[in-house]
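Subject: Handover of a structure and notes on it

Dear colleague,

Please find the structure handed over below, together with the sequence. My notes follow, and I would ask you to read them with the structure open.

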Amino acid sequence: MSDAAIAEAGPVTVRRLQRDDAEAVRELDSLILGEDRSTTWAEYIERFLAFSRLGTHALPWSGSQVAEVEEGVVGFLLAERQSSGYGLPPGVRVVAIAVHPDFRQQGIGRKLVEALRADSKRQGIKHIYSVLQDRDERDAEFLRGCGFESAPVKVFVAEA
Ligand SMILES: CC(C)(COP(=O)(O)OP(=O)(O)OC[C@H]1O[C@@H](n2cnc3c(N)ncnc32)[C@H](O)[C@@H]1OP(=O)(O)O)[C@@H](O)C(=O)NCCC(=O)NCCS
């Protein structure tokens, strides 16, 4: 993809993440720096990339998706199964979502969430989650825009 800002995404395809997408995920991740990177952004991407190096067969189903335009992958959503621990019903958790800075505000993030929702439904999964830190207000707005609501859950923490 060129460095020039591209105004319009054109047709967007969202599909399940594959092992071969690792390089595109790494490139996109490397573009998201500083304040643009929410505090929730974790080491999960490195976990996915490490996992993708382990073999050549298909990844086990996790709900993870990528968004592609003619120029290549411009967005990803990494997800994992949430067990029934912590009082939450079982479901799928969004652990990282990113859209290339030149392609934002065009509904691609929402499309990634919708693909996860549809894919989860097909798997018989009833809930999709995301956990944010309080200060990640932009991401809270994004999730609200995608139909998520705050859950009545409290997290307690103490020094070890
Ligand atoms: C968060 C992110 C994925 C949004 O992607 P996007 O493709 O621009 O989002 P969409 O265009 O699909 O927006 C969907 C809704 O989210 C909201 N939204 C999106 N970006 C927003 C922003 N910067 N501030 C406030 N609300 C925003 C809007 O309500 C929008 O709904 P609308 O159509 O009614 O306006 C993108 O900003 C990003 O990659 N951020 C950096 C990585 C990151 O920190 N990810 C989140 C934590 S894992």
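Helices (H or I, at least four residues) and strands (E, at least two) are DSSP runs, numbered from the N terminus. On that basis the protein chain has four helices and five strands. Their order along the sequence is β-α-α-β-β-β-α-β-α.

Two points on conventions come next. Residues are numbered from 1 along each chain as its sequence is written. The model is predicted, and local features need pLDDT of at least 70, side-chain atom pairs count only at pLDDT 80 or more, while totals for chains, interfaces and linings use all residues.

**Confidence**

The term pLDDT denotes the predictor's confidence in each residue, from 0 to 100. The protein chain has an average pLDDT of 85, and 88% of the residues score at least 70. Among the elements, helix α2 (residues 44-52) has the lowest mean pLDDT (73), and α3 has the highest (97).

**Burial, contacts and the core**

A residue is called buried if 20 or more other C-beta atoms lie within 10 Å of its own, exposed if 12 or fewer, and partly exposed in between, with C-beta atoms placed from the backbone. The protein chain has 160 residues, of which 27% count as buried.

Two residues are in contact if their C-beta atoms, placed from the backbone, lie within 7 Å. Of the contacts in the protein chain with a separation of 6 or more, 70% are between residues 24 or more positions apart.

A nonpolar core is a set of buried Ala, Val, Leu, Ile, Met, Phe, Trp, Tyr and Cys residues joined through C-beta atoms within 7 Å. The largest such core has 29 residues, and Val74, Phe76, Leu77, Leu78, Leu112 and Leu116 have the most contacts inside it. Two or more residues of this core come from each of α1 (22-31), α2, β2, β3, β4 and α3. Strand β4 gives the largest share, seven residues. Not counting residues up to four places away in sequence, Phe76 touches Leu17, Val25, Leu28, Gln65, Val66 and Ala98.

**Helix α3**

How many residues does α3 have? There are 15, and α3 reaches 21 Å from its first C-alpha to its last, close to the 21 Å expected at 1.5 Å a residue. The expected span is 1.5 Å times one less than the number of residues in the helix.

The buried residues of α3 are Ile108, Gly109, Lys111, Leu112, Val113, Ala115, Leu116 and Asp119. An α-helix has 3.6 residues a turn, so residues three or four places apart point the same way. The buried residues of α3 pack against β1, β2 (65-69), β3 (72-82), β4, β5 (128-130) and α4. After α3 comes Gly124, which has a positive phi, near 80°.

**The shell around the ligand**

A residue is near a molecule if its C-beta atom, placed from the backbone, lies within 6 Å of it. There are 23 residues around the ligand, and Ser38, Arg104, Gly109, Arg110 and Gly145 come nearest. At least two residues of this shell are supplied by each of β4 (91-99), α3 (108-122) and α4 (137-145). The most come from α4, with five residues.

For classes, Ala, Val, Leu, Ile, Met, Phe, Trp, Tyr, Cys and Pro count as nonpolar, Asp, Glu, Lys and Arg as charged, and the others, Gly among them, as polar. The shell holds nine nonpolar, seven polar and seven charged residues.

**Individual residues**

Why does Gln105 count as exposed? Gln105 is exposed because it has 7 C-beta neighbours inside 10 Å. Gln105 is found in the loop between β4 and α3. Its phi is near 60°, a positive value in a residue other than glycine.

Glu8 is found in the segment before β1. Glu8 also counts as exposed, because 7 C-beta neighbours lie inside 10 Å. The C-alpha atoms of Glu8 and Phe103 are separated by 7.1 Å, although these residues are 95 residues apart along the chain.

Arg93 is in strand β4. Arg93 has 18 other C-beta atoms within 10 Å and is therefore partly exposed. Leaving aside neighbours within four places in sequence, Arg93 is in contact with Ala79, Glu80, Gln82, Tyr129, Ser130 and Val131.

Arg16 lies in strand β1 (residues 13-16). Arg16 is partly exposed, because 16 other C-beta atoms lie within 10 Å. Beyond its neighbours within four places in sequence, Arg16 is in contact with Ser64 and Gln65.

Yours sincerely
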